[in-house]
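Thanks for coming. I will take a few minutes to walk through one structure, which is on the next slide.

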Amino acid sequence: MARKTALVRQVPTPIVPAARPRPPATRSQRVSHRGLFLTREEMADIAAATITDRDQLLVRALAETGARVGEMLKLTPARLGQGYVVLPIEKRRQYEEKAVYLSPHSKLLHELMRYAIEHGLGRDDRFWPITRQHAHTIVTAAAAAAGVYRLKPERRDGALIEVRTPAWPHLFR
């Protein structure tokens, strides 16, 4: 493959620090600098901050399976097994499934089945008949209510800064 370096001029983009240094995070802000992941305690706090049982089940299912939001929203009672959940994998060209085994100590499967029975869900009815955007809003609103934030890089006025943002669903993976 021929290189076109003679025609392309690469100019490095400088990373400009924020105008003022970031003050250290206080305990009330609860911003983690350990990376883009959530601890078990933070996941439990987010689940506890949800408004409805359905939303709490969604957050717990995301935390315990590590699934993407779109994969979790396709979950039906027919996809629940003895100690595992069968989730569709989001692929562009083909349909695949994966079995996600849960901890033997997890009560998630029992609570999902209880929810399905209490709400009269059929075998192929989805637990969460909502869009991915709505599920994202549910998780971020619960994270904000629980006070769980992360620093997310963002470019403003040509400068790269870190913005304090409520935790988002991908951090459960």
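Is the crossing of α2 and α4 left-handed or right-handed? It is left-handed. Before going further, note that this is a predicted model.

Let me stay with that pair of helices. Helix α2 covers residues 53-65 and helix α4 covers residues 108-118. Their axes come within 11 Å and cross at roughly 150 degrees. An angle over 145 degrees counts as roughly antiparallel, and therefore α2 and α4 are roughly antiparallel to each other.

Which residues make the contact? On the α2 side they are Arg-54, Leu-57, Arg-60, Ala-61 and Glu-64. On the α4 side they are Leu-108, Glu-111, Leu-112 and Tyr-115. By type, five residues of this contact are nonpolar and four are charged, with no polar ones.

Now the chain as a whole. How many helices and strands does the chain have? There are five helices and five strands. Reading from the N terminus, the order is β-α-α-α-β-β-α-α-β-β.

Next, burial and surface. The chain has 173 residues, and 37% of them are buried. Its accessible surface is about 11,900 Å². Carbon and sulfur atoms account for 52% of that surface.

Last, contacts along the sequence. Take the contacts between residues at least 6 apart in sequence: 56% of these join residues at least 24 apart.

To recap the helix pair: α2 and α4 are roughly antiparallel, and their crossing is left-handed. That is the end of my part.

Technical notes:
Residues are numbered from 1 along each chain as its sequence is written. This is a predicted model: local features need pLDDT of at least 70, side-chain atom pairs count only at pLDDT 80 or more; totals for chains, interfaces and linings use all residues. Side-chain values use heavy atoms; hydrogens and water are left out. Helices (H or I, at least four residues) and strands (E, at least two) are DSSP runs, numbered from the N terminus. Buried means under 20% relative accessible area, exposed over 50%, partly exposed in between (1.4 Å probe, protein chains only). Contact means heavy atoms within 4.5 Å. Accessible areas come from the Shrake-Rupley method with a 1.4 Å probe; for residues, only the protein chains shown count as cover. Axes are lines fitted to C-alpha atoms, for helices over the stretch in contact, and angles run from 0 to 180 degrees between N-to-C directions. Angles under 35 degrees count as roughly parallel, over 145 as roughly antiparallel, 65 to 115 as roughly perpendicular and the rest as oblique. A crossing is left-handed if the near helix is turned anticlockwise from the far one by less than a right angle, and right-handed if clockwise. Ala, Val, Leu, Ile, Met, Phe, Trp, Tyr, Cys and Pro count as nonpolar, Asp, Glu, Lys and Arg as charged, and the others, Gly among them, as polar.
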